[in-house]
Amino acid sequence: MWCSRMALRGLQRITPLALTSNMQREMSGLSRVYITRQIPPEGLKILRESGQVQFQLWDSDDIPVPRQEMLEKVKGADALLCVLTEKIDAELLDAAGPNLKVISTMSVGFDHLSLEELKRRGIRVGYTPDVLTDSVAELTVALLLTTSRRLIEATHEAKTGGWGTWRTLWLCGHELANSTVGILGLGRIGVAIAERLAPFKVKKFIYTDVVPRPELASMINAEYVSFDELAEQSDFLSVCCALTPETKEICNKNLFSKMKSTSIFINTSRGGVVNQDDLYEALSTGQIAGAGLDVTVPEPLPISHPLFTLKNCVILPHIASASYITRNAMSALAANNLLLGLRGEPMIKELKL
C-alpha cells in the first residue's frame, strides 16, 4: 500500500528530464497546458520548474470554471489537468482541437471522463489512485463511527439543551465489536478500511465484487459472498466500488430491503452508486438504522433534500481525501503524469483505455 506521505516525498523527488538538443528542436515552443482549478502548490511547483510547459489556470478553489470559459480556454491546448467536477466529453475535446494529447485528472475516479471518446482520439489519461488510500480509509472509519454512535445527534442535543438527566437508552447506537463488516468493491481502500476496523474486535469481514479478490482478501481475512449475502449479513456495509454503468444505483431498494434493521450503510465512493430515493425510504421507515454519506447526487446536495431532514443520516461534503498531505500528493502525481505523458513516456499512473 502506498502511504500518501511517502508518496508525496517520492513525487517531489521526480525531476524533469534534461532536454537534449534533439528534444529541444522538437519542442521549439513550450507545451500549452490548461488547469481547470486552483490545485495544491506541490503540483504547480512541479509544472513551473519543469521547463517543459506554459500553463493557464482557473484560479479559484471555491467556484468551478464556467463551462463556456473552459471551452474557450482549452482551444489549442496540448494537455489538460482537471478535477472531478469538470466533464471531459466530445464537446470539450472538439473545442480543444487536435493538439490535445494528454488528460491528467486529480482524482482516483474517472466517471467525469468520456473514456470512449478519449480512446477514439488517442488521448492518454493519467489519474491519482493509491496516494489517497489512507485519508479515504480514515474518513470512512470516522464517518462510520459518527453515524453508528449518533455523534451528530448527540452534539446537537448537548448544544440545544436536550441534555437532561442520564437515561438508560437515550442516544444508544451500534458497536463494531463482534460485528460483521461488509465491503462492496474490494480494492486498496476497502483493505485499508478493514485494517483500521480490525482493532475494534470486528468478528468477520465479508465482501463482494465482480470476481473474487483472493490476494486482497487474504490481507484482511475476508470472505467472498454474493451480493444478496452481503446485504443480509452485514452489520456495517461500506461501499468502495467505482461508478460504472454496472454499478450505477446498485445500492437501491433491493439491497436495503435485505439489510438488517440495525445495519449502518456507509458510502465514500461515488454518489451515483446509490438510489437516494430508495435510501431515504429505507432510513425514514426504519428499514436500516443509519447511513453516512461523503458523496451524493448532485454535489453539492441541495439543503432542501429530504435526506437532510433525517437524524439517522450523516452527510459530509465529499471530503474523504481532504488532508494536506494527500491533496498535495494528488496534485504532484497529476502534474508528473501530465509531464510524462507529454514526453511520450509511461505515466506513473495511467488509465489503460
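Colleague: In this predicted model, which hand does the crossing of α3 and α14 have?

Modeller: The crossing of α3 and α14 is right-handed. The term applies because a crossing is called right-handed if the near helix is turned clockwise from the far one by less than a right angle.

Colleague: Why is α3 described as roughly parallel to α14?

Modeller: Helix α3, residues 41-49, and helix α14, residues 324-343, pack at an angle of about 25°, and their axes are 6 Å apart. Angles under 35 degrees count as roughly parallel, and therefore α3 is called roughly parallel to α14.

Colleague: Which residues meet where α3 packs against α14?

Modeller: From α3 the contact draws on P41, E42, G43, L44, I46 and L47. Their counterparts in α14 are N328, S331, A332, A335, N336, L338 and L339. By class, the residues of this contact comprise 8 nonpolar, 4 polar and 1 charged.

Colleague: What makes R150 partly exposed, and where does R150 lie?

Modeller: The relative accessible area of R150 is 27%. Buried means under 20% and exposed means over 50%, with partly exposed in between, so R150 is partly exposed. R150 is located in the loop between α7 (133-148) and α8 (151-160). Its phi is near 55°, a positive value in a residue other than glycine.

Colleague: Why does K201 count as exposed?

Modeller: K201 has 62% relative accessibility. The cut-off for exposed is over 50%, and K201 is therefore classed as exposed. The loop between α9 (188-197) and β7 (204-208) holds K201. Phi of K201 is near 70°, again positive in a residue other than glycine.

Colleague: Which form does the peptide bond from V297 to P298 take, and what is its omega?

Modeller: The bond from V297 to P298 is cis, with omega near -5°. P298 sits in the loop between β11 (290-293) and β12 (313-315). The bond from E299 to P300 is also cis, with omega near 0°, and P300 is likewise in the loop between β11 and β12.

Colleague: What does UniProt list for residues 141-320?

Modeller: An unreviewed UniProt entry gives residues 141-320 as "domain: D-isomer specific 2-hydroxyacid dehydrogenase NAD-binding". In the model, this span is 32% helix and 16% strand, and its end C-alpha atoms lie 10 Å apart.

Terms used:
Residues are numbered from 1 along each chain as its sequence is written. This is a predicted model: local features need pLDDT of at least 70, side-chain atom pairs count only at pLDDT 80 or more; totals for chains, interfaces and linings use all residues. Side-chain values use heavy atoms; hydrogens and water are left out. Axes are lines fitted to C-alpha atoms, for helices over the stretch in contact, and angles run from 0 to 180 degrees between N-to-C directions. Helices (H or I, at least four residues) and strands (E, at least two) are DSSP runs, numbered from the N terminus. Angles under 35 degrees count as roughly parallel, over 145 as roughly antiparallel, 65 to 115 as roughly perpendicular and the rest as oblique. Contact means heavy atoms within 4.5 Å. Ala, Val, Leu, Ile, Met, Phe, Trp, Tyr, Cys and Pro count as nonpolar, Asp, Glu, Lys and Arg as charged, and the others, Gly among them, as polar. UniProt positions are given in the numbering used here, feature names are shortened, and annotations may be inferred rather than shown by experiment. Buried means under 20% relative accessible area, exposed over 50%, partly exposed in between (1.4 Å probe, protein chains only).
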